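Look at the sequence and the 3D view, then read on.

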Amino acid sequence: MRAEATVEGLGHLAGVAGRARPLVLAEDRLLPVAAPLDAMLPGGGLRRGTTVVVERGVSLLLAILAAPTSSGRWGAVVGLPDLGLAAAHEAGVELGRLALVPDPGAQWAAVTAALIDAIDVIAVRPPPRLREADARRLAARARERGAVLVPVGSWIEGAEVRLRIEAGEWRGLAAGHGHLQRRVAEVVATGRGAAARGQRRSCWLPGPSGRMEALEPEVAGAVGEVEEASPVLDWAGVG
Amino acid sequence: MTRTLAVWCPDWPVVAARRPSSAPVAIVFANRVVACSAAARADGVVPGLRRREAQSRCPDVEILSRDPASEARSFEPVVAAVAAFTPRVEVHDPGICAFATRGPSRYFGGDGPLAAQVVATVDAALPPGAPGCQVGVADGPFAARLAARGAGSGSGSGSGSGDGSPRRGRWQVVPPGRSRTWLAPLPVSCLDQPDLADLWLRLGIRTLGDLAALPAPDVLSRFGPEGAAAFRLAGGIDAAPLAATDPPPDLVVQAELDPPAQRVDTAAFVAKGLADDLLERLHARGLACTRVLIEVETEHGESLSRLWRHEGALTAPAMAERARSQLEGWLATGATTAGITLVRLVPDEVGPDDGRQLGFWGGSAAADALAGRALARVQGLLGPAGVVTAVPDGGRGPGERIRVVPWGEPREPVCAGAQRTGRAMRGTQVEEPPWPGQVPAPSPALVHDPPLPAAVFDRAGRPVRVSARGELSADPASLSIGGLAGRAGGANGADDEVAAWAGPWTAEERWWDPRAHRRRARLQVVTGAGTALLLVLEGGCWMVEATYD
């Protein structure tokens, strides 16, 4: 008798917990991002409804898109006809969940607005003459719909986070031999609110696996030198 | 046995080629004459001759190559004319069709009057200058076809002449139950088994009667299944029933709008009703539509149409949504200048509805449907090719390793290796076929299309070239890039010094095809400013193919 009562009580408890649960938990409002980047974003992920500007470095955009698309969310890229999709594939972006609108033309704002309604992460390269009203409207729409807007290039003031690759140093290529293998990139994050403090971090972008990876300071120098010294057979040698 | 009427249009390949029977024409396939016109036949051209032989017998013969598609297409009016008698018509070959006569011959008062009617109707449908058709009625399609072919010669019982026709017998009726005796005197060559017929002739079996007189088990053991089938035909037993299919269902739905719709939602509402109607019809037949053509006509006579395709089957809401997006897109881009008077949905690609299995895990189907609708809306604005998705593919350059397909079309890898394993879609590791000369990973994040013109110089300031053996003329020391300024890659004055480089990776592609042949050499370069570039040399010009941004 007593055991049954406990089971029943537990059932009640679960019901109460469900009622007491806040409508939207903070983690539901957060999209995952890959490891070294999460430390640079306020809250440790892409907060839904925010605007994250990638000022410089398309590799950063790919690193942002990788985790959401591979965990079942949708991504879209508007107005980047020169996006390296092979690199996106290597960076871990699930191409089946990435819609591309290479050339939206004059309708870029309408297209982006339509995508914000349903897609989780929308990367957009605004036209050279970006109208501030358009930008504000899109940012407001993203906030309302809970999408993450990722403008690439210049964007108006007021974005929550701004990311850029400040400097990069490629490893693996020497005078006449080797090939590009990895890059130590210095990523700078600025922004407002929780991100106002600003961060500067070095990481592999892309790393040995093609994805963004954290840089271990003690190994970093040694790895770079070793790999630079090992030549890679060129095509003639391979035959 | 099914009482069958066969219609035979003589020399159909010649008729389909739009040549009159009075002109000497021979249709050739694989260097052999397969059909010829009456004029050519008069000069001694017969099917089976070599082309050269036909030309020697009839020097002014016109030789045409066979076009089965055109033959089938031009036979369609004849089939339509025959279908006026009964809708279930079997097309045996372009030029020969048949139907079961049970109902029609009762209606027209017997096989003879029916045959006369069919001759008159089909002759009216034939193009001018074509030889008239011939009709045969017998038990079973085989005997009926032979009766039709034999009708022109005027032999056999029950043959009659068409009214007022200059030709003698245009139709021939073999009385019911007499097919076997009627077939008996015909030569074995009419069985269309050239190898067996040759053997039979050498064995002294010259007519179908001789063949039918043999004991059945011996025929099977000596001549195999093909011989047994021929034996049954010769005995007047036509086992194969008439493969008459129902006429293709008319699945096109359309609605005329009166008064014309001035607003998108009015027209979209009509389109939704049409989509529901269409899907109901498709469902009743167990069919699913994977491609639909949306057509719209306006008051000003503009006719707009666009094909929509979906990997899975289109459901009624999806179709209505696409119609709405399309209408919105047309109105937004100013393609329509007046009210919409007609909306039509044409199912373009229809297949059996084998259902769709959704993933078992993950309840994101609602979000996926939402995303699909938003993308369909964008496709309505920009056209179906405006939204694309990328499929990993084989190739050497960074731009070639990805193929883009319009959103909604099946994402199948075309490269042979991926097809062999067939797993590229599921994200598992696929063994890629080798691409010698491929630039190693990581791939560049920016692929310039078109590539930016560049120039590469050695230490002495001479242009760097790549020899036929794939060797650089000198180490690259500096480069200049045109058109990079203003790009996201960012170029400044320091971009003219080469700090590190590797290569060249040469690729000689499609050397077997003179038009698609490409010879390229690629070079990885890190400039003094730290920018990594992929340079490509083609036709003596260096270009920046991609930036490792």
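Which residues meet here? From H5(A) come Ala109(A), Thr112(A), Ala113(A) and Ile116(A). From H6(A) come Asp134(A), Leu138(A), Arg141(A), Ala142(A) and Arg145(A). By class, this contact holds five nonpolar, one polar and three charged residues.

## Chain A as a whole

Chain A has eight helices and 11 strands. It is 239 residues long, and 46% of them count as buried. Take the contacts in chain A with a separation of 6 or more: 65% of them join residues 24 or more positions apart.

How confident is the predictor? The mean pLDDT of chain A is 79, and 80% of its residues reach 70 or more. Residues 218–239 of chain A are another matter: there pLDDT stays under 50. For that stretch the model has 24 contacts beyond four places in sequence. Where pLDDT is low, the predicted coordinates should not be read in detail.

## Where the chains meet

How many residues of each chain are in contact with the other chain? The count is 50 residues of chain A and 53 residues of chain B. Several elements of chain A give two or more residues to this side. The helices are H3 (58–70), H4 (85–90), H5 (108–116) and H8 (235–238) of chain A. The strands are S5 (98–101), S8 (161–173) and S9 (178–191) of chain A. By class, the side of chain A that touches chain B has 30 nonpolar, 14 polar and six charged residues.

## A four-stranded sheet in chain B

Now turn to chain B. Four of its strands form an open sheet in the order S9-S12-S10-S11, with antiparallel pairing. Strand S9 (253–261) and strand S11 (303–309) of chain B stand at the edges. Each has a single partner strand, so one side of each is left without a neighbour in the sheet. On average, neighbouring strands are turned by 20 degrees against each other, direction ignored.

S9(B) pairs with strand S12 (residues 340–352) of chain B over five bridges, in the antiparallel sense. Val253(B) has Leu345(B) in S12(B) as its bridge partner. Two helices go with these strands. Helix H12 (residues 264–284) of chain B lies across S9, strand S10 (287–298) and S12 of chain B, and runs at about 30 degrees to S12(B). Helix H13 (residues 316–332) of chain B packs on the sheet and touches S10, S11 and S12 of chain B. The direction of H13(B) makes about 30 degrees with that of S10(B).

## A covered helix

Is helix H7 (residues 141–151) of chain B mostly covered or mostly exposed? H7(B) is mostly covered, with 10 of its 11 residues buried. Among the buried residues are Phe142(B), Arg145(B), Leu146(B) and Gly150(B).

## A hairpin in chain B

S2(B) and S3(B) run antiparallel and are joined by four bridges. Val28(B) stands opposite Val33(B) in S3(B). The two strands form a hairpin with two residues between them. In the turn, Ala30(B) has a positive phi of about 55 degrees.

Asn31(B) lies in the loop between strand S2 (25–29) and strand S3 (32–36) of chain B. Its phi is positive too, near 70 degrees. Asn31(B) is exposed, with 9 other C-beta atoms within 10 Å.

Most residues other than glycine have a negative phi, and most peptide bonds are trans. Asp192(B) has a positive phi of about 65 degrees, although it is not a glycine. Asp192(B) lies in the loop between helix H8 (179–183) and helix H9 (194–203) of chain B. It is exposed, with 11 other C-beta atoms within 10 Å.

Where are the cis peptide bonds listed here? One joins Leu205(A) and Pro206(A), with omega about -5 degrees. Pro206(A) lies in the loop between strand S10 (199–204) and strand S11 (213–214) of chain A. Another joins Asp258(B) and Pro259(B), with omega about 5 degrees. Pro259(B) is in strand S9 of chain B.

Notes: Residues numbered from 1 in each chain as written. Chains lettered and ligands numbered in written order. Predicted model: local features only at pLDDT ≥ 70, side-chain atom pairs only at ≥ 80, totals over all residues. Contact = placed C-beta atoms within 7 Å. Nonpolar A, V, L, I, M, F, W, Y, C, P; charged D, E, K, R; others polar. Buried ≥ 20, exposed ≤ 12 C-beta atoms within 10 Å, placed from the backbone. pLDDT = per-residue confidence, 0-100. Pairing = 2+ DSSP bridges. Axes fitted to C-alpha atoms, helices over the stretch in contact; angles between N-to-C directions.
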